[in-house]
Every structure is written in C-alpha cells, then in structure tokens.
Amino acid sequence: MVRILRKVQLSYLLLAPTLLFLVLFFFVPLVQVVGTAFRARGGGFTLAHWQRLFTDIHFPDALKNTLLLALLIIPAQLVLAFLAALIINKQGRGSTALLYIYAIPLGISDLAAGLIWLSIFTERGYLNSLLQNLGFIERPILYLSSRSPQWLVAAVVITEVWRATPLVMVILLSGLQMIAKDYLEAAEIFGCSWWQKVRLVILPLLKPSIQSALIMRTILAFQVFGPIVVLAGRLLPVLASESFHWYAIIRHEYIASAYALLLMVLSVLVTWSYLVLLRTKEEQLGVM
Amino acid sequence: MKLSRSFSVLLLLSALVFLAGASAAQTLNFASTQFRPIEEQQFFREQVLAPFVAETGIQVNMIAEEYAPFFSRLQAEARTGRFETDVFGTLHGDFPALLAEGIPMELPDPQSLPGRTFIEELVKLGQVDGQQIYVPWTQATYLMAANKKALDYLPEGADVGALTYAELLEWAKNLYEATGSAKLGLPAGPQGLFGRMLHGYLYPAFTGHQVQKFDSPDAVSMWSYLKELWDYVHPSSAIYENMADPLLLEEVWVAWDHTARLGPAIREFPDNFVLFPSPAGPYGRAFITVINGLGIPKGVQDFDLAWRLIDHLTHPETQVIVLEGTGFFPTTVEAASYVPQGANKLLADAVAAQASAPDALVSLLPVGLGARDGEYVPTFKDAFEAIVLRGQDIETVLARQGARLRELFEDTGADYPQP
C-alpha cells in the first residue's frame, strides 16, 4: 500500500516541473492576455480594441493570408512527409543518411530559415544569379514585391514546406514503425498492389499519427511568423505578425492581445474539429 | 529523507548563484533603443563600451531593444519599485512618455560634467518644468544618398544640393527609362523608417504642417505625387529596412534614409556616393532632427556609478568615435567642431547643408502622446499602404486616418508637433 502511494507521489513529483512551467509561462500569461484584450487603457471593460481590430486595414488580409497559407502549406507537407517517411521506412541503403539530411531544417530557427530563403529570392539572390548565368532570364526577376503577391505567397510556402516538413515526417515515420508487419504481409498474401497497401492498410492505421501531425502543423502554420517577417515584411500580413506589429512597433498591447486571443480561438477550433473529424476507433489503432 | 537532502543541495546551489551575482556588484545595465542593428550593437560594445570597462573595471551589460520591450521593462521595474536598469538611452520624445508612465528622472546639470560644453539648446530640450530629465547624447537626421552613376540622369537644370520633389520625380523617371528598372529606393519595410519621411518630410513640405492639414487639398496633391513617384520606386522598397544594403548591391541608385542607416554604404565606398539634403516642396525643405538622450531612473541602486557611464558616453572623444563609426552626430561643442574625414565628412557636410538651406523647415517629433506615442507614425504609414500600395481612394483614406490622428491628439491632450 505504502509502495503504491509512493509511486503515485513520485509521478506527481515528476509532473510537477512541467505543470509549474505550464502554469507560470502558459496559463498565467493566457489569463493576462484575455484580460488585456478587453481592458480599456484607463481600466474597465471595453470592446473598443476589437472594434479597432476589425476595422483595421490589415485585418481582413491578415485573416485571409493566415488561412490561405495553412491551406497551401499543410497538404503539401503531409504528402511530401508521407512519401519521405515511406522511403525511409523501407530501411533500404542510405535510408539513415537520408533521414539525417531530411531532418537538418528541424535544427534551424524559423527566422534563420527565412533569411536563407531571402538570400535565394532577393533581387540579386542565388535564384536570379543562377537563372541569369544559365541564360534563362535577361534581367533579375523581382519575386518579393507588392506587385507580385503570388510570388510572396509562393516564397513563404516554399520556406515553410522546406523548414517544417521534417517535423511531420518524423511523426509519420514513428507511426509507420508502429504498424505491425503482419498487416502488410497479410495484404501481400491477398495480392494487394503497393498502392492498395498504402491506401487500404497503411493510411487507415496511420490515422492517429496523421491526426497529431495535422493538429501540430495547423497550429504552427497559424503561428507562422519568422519567414513572413523576413520575406514579406508587412506586405503579407498574418495574424501572428500583426500581433507582433501592434505590440513591438505601435506599442498597443491591447490590440496585440486581441490578435493573440483570436489566434488562440482559431487554433482551438481547428484542433477540436480535427479531433472530431478524425476520430479513431480503438480497433484501428493497429497495435497487437 | 532523500528528498530533503537533494532539496538542501538545491538551496545551497541557489545561495551560491545568488552570492556570485552579488559579488559582481560593479555591473551597469544599459538599455538602449538606439544602436539596435546588429552591426551597430557590435560596434558600440567593442569601440564605445569596452574602453570604459577597461578603464574603470565596471562591467556594462548593454541591452539593445525595440521600443515596446524597452518601455515594458522600465514600466515593470517602476512597479516593483526597484530599478535594475541603471542607464537608458532613447529618443527625445520618449522621455516625457516615460515620466507619464511613472518612471521618475532627476539629473544634475549636464554642463557640470568636466571637459565638455553641451549645445545649450539641446540641454534645454532635455528639461521638463525646469528639471533635467536627460543628458543630450546623439543627434541624427535623414538624408538622401545617390550612386554617382545616377547623377548623369538628373533633370536639366536640377542642382542635387537643392533638389525639389518635382525634380526627384523626374530624376526617378529618367533613371527608370534609362536603366529599365526603378532605381529610387525608400526604406518602407516594417522596421524601416519611411514613416518619418511621410510625417516629417513630405507632409510639412507639401502642406506646411505635419498634422493640421492632414486631409487638406494640399495633402491630396501630395498623395497623388507619391502615387506617381511610386511607379519609379524600387518595388522591394516595401521590405527595405535600411538603404545601405540596396545601395551597395546597386539595386537602387538613389535613396533616402537615416544617417546611421546610410553610413555603412558610404563608409565602404566613399568615392561611389554623393550625399545631399532632402528635396523641397511648395512649403519648404522639411526635415527631422532626431535627438537622443541618456537618462537614469530615480532610485537606482548606485547613481554615481550610472552617472560615470553617462560621463563616458557624452565625452567629446567618445562622441567622435560614435560619429566615425555609426553616423550619429555629437551633442557637445567640442566634438561638433571636430572635422571628420572621408565618408563621415560627406555625411557631416550634407547634414550641415540640409540644416542651413535657405528654405529649411525643421520638423520635430511629437511630444506628450505618452503611452500612445507609438500610434503616431502608423497613422501615416497605414494611409500610405492604403493609398499607394492598394490604390484606395485618397479622400476616403485621409478622412478616416485624419479622424484617428485628431482623436489621438485630443485624447492625450498633446500639442501638435512643429511645424
């Protein structure tokens, strides 16, 4: 009895640092942000900050861009990560090396990733120099300007896909490795083609991993910030960069908080809908 | 039992850490909103602060940060009643805002510092109700710079030293037609200072005022001008943060920016560039004079130690080092009489030419907006984005932004900035 109690105590003790961290650096600031978003400068409740936010010239674009980027980035990442995970999971020659190479961007901060791609896409950047040296273009193309918003979006999407696909891949790979070989062997006996195996066996069994990868990536895609700031400035406003702008440049912590709160509500909604839409039945877990 | 032992180890460790911190008491925390770009920070640490550390043995911890975290830090420290920031340096207009936020400042007469005479006008600007709240630290302004190649395309009869905005447009147009790409660049990126050009240069030059004529017919013609000019402005301008890099890369040939943000290009190739005053409009050649000050929060742990750092930072010798390295100009008579060489001479000459132009019109940054100081420039910049980048109707945008601007001054009770 005493031993069991000890065990329980120990588990709480082990949890305590994380819990303390979350309370101090997540829950307390969260409550403060909610308070700030509804508090007038002089004190007291107000909705004025929200009114100002919704009528700001950057707000409709910020919302639209945030959703658009998530919509473009996440499916691309999912497909690329799944393919990479399939290849690496084959354990063929060089698959470990491939895994390491693929995972390199994981170690790079989003701001640094933005800077790397800025040096590629800027007017006198690597891309233009290459194209010019090969004789494809006569004069540099301007990718990052207000006159070509489609290029701005493309640059951010490419940067984000390059930077964060490995994260999805690692989650999917661990999911793939959990799938018992027996299912695949059974499918083979029944004469399934490679595509049928992927569609009928692997994908359904991978659903829990896909779900967690989706939740994580969508939340992170909503928060995309570094590459935006570096590549597009305020030409491509998103909710996260607007929150930063209102706080750091305009020094208006109230509207910055409102943006942050909006971002959180959006993330919660999406997470919740993933949990509902991609609900996994117990027998689909695939662990034997 | 085991737990309490590890707990006591933890206690001991934290006590040791605390003691180590306490024994290094000769440390000053110096927060600055200036010298923030990474090259300037490095220069400041190595060339400006290092000699002080070597001479006095006092460690200086320089914290270069954006305005918002800078304000948040001082506000938080004021609330705890214990200032960890010993010395801070920021814009002239921030000091009254800091006072309003409950950060008290009381300094002795700067002229009591040995070996220097501060420019009297600047000392007076650092006083509120007769109380000195900052020591004048550096001065700066915004200028135009051009690659010498661009001079061939100046419109006929135009003098680069006395340019008008109409001539600038024609010049930019000539360059565009001759080279096939826009060669005029402006720092309109998120951290760029183009907002200053709108409120302190274009508005006063075209309307005579920064605020009063925000939505007047003169303002409408200014915005039409800017829209027309923008066709010949390099499209990457909307992400430029400083103009030194695009000038060096020759992405642009003509640019406008802060002296410190043009400096790196000029210092690299002083023979390739010319520097000259900003253009003039119908109401004159408007320009901003930026003044930075150094302050000490009242109630800091060791005032004398903090004052020694200010003594060092405003010493004429230090001010000359800062001018040579960054393009920020001195505030003491002794350092101001120093004649710089090379690139800095170009900068200094252009600053003097701008200040002494017969049609000079000095713009000051607004004072008294307090905590809402940060909303001033974005009002202009939002109008710019709506009108120029998105092509919205000028009158509609000016009516909306003008109402916001007037509300800002009414709510805070601040006076309109000069002119």
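**View 1. G180(B) sits in the loop between helix 6 (165-179) and strand 7 (184-185) of chain B.** This is a close-up from a predicted model. With a relative accessibility of 38%, G180(B) falls in the partly exposed class, because that class runs between the under 20% of buried residues and the over 50% of exposed ones. Leaving aside residues up to four places away in sequence, G180(B) touches R139(A) and L175(B).

**View 2. Chain A meets chain B with 29 residues from chain A and 38 residues from chain B.** Three names to look for are I57(A), R147(A) and R251(A): together they supply 25% of the area that chain A buries against chain B, more than any other three residues.

**View 3. The side chains of E375(B) and R41(A) pair up in a salt bridge.** The N to O distance is 3.2 Å, so the pair passes the 4 Å cut-off. Overall, the count between chain A and chain B comes to three salt bridges, and there are also five residue pairs in polar contact, with both residues at pLDDT 80 or more.

**View 4. On the side of chain A that touches chain B, helix 2 (48-55), helix 11 (226-232) and helix 12 (239-249) of chain A each supply at least two residues.** Helix 12 of chain A gives the most, with four residues. Sort the residues on this side of chain A by type and you get 12 nonpolar, seven polar and 10 charged.

**View 5. Chain B is split by the domain assignment into domain 1 (12-140 + 289-339) and domain 2 (146-286 + 363-412).** Taken over C-alpha atoms, the centres of these two domains of chain B are 31 Å apart. Their contact takes 19 residues from domain 1 of chain B and 14 residues from domain 2 of chain B. Between them, the two domains of chain B bury about 1,200 Å², with 53% of it from carbon and sulfur atoms.

**View 6. Between domain 1 of chain B and domain 2 of chain B the salt-bridge count is zero.** What does turn up across this interface is two residue pairs in polar contact, both residues at pLDDT 80 or more. On the domain 1 side, helix 4 (94-100) and helix 12 (316-326) of chain B are the elements that give two or more residues. Helix 12 of chain B gives the most, with four residues. By type, the domain 1 side that touches domain 2 of chain B divides into seven nonpolar, six polar and six charged residues.

Conventions: Residues numbered from 1 in each chain as written. Chains lettered and ligands numbered in written order. Predicted model: local features only at pLDDT ≥ 70, side-chain atom pairs only at ≥ 80, totals over all residues. Heavy atoms only, no water. Contact = heavy atoms within 4.5 Å. Buried area = accessible area lost by both parts, 1.4 Å probe. Polar contact = N/O pair within 3.5 Å; in protein donor to acceptor, adjacent residues only side chain to side chain. Nonpolar A, V, L, I, M, F, W, Y, C, P; charged D, E, K, R; others polar. Buried < 20%, exposed > 50% of the residue type's maximum accessible area, 1.4 Å probe, protein only. Domains from an automatic or database assignment.
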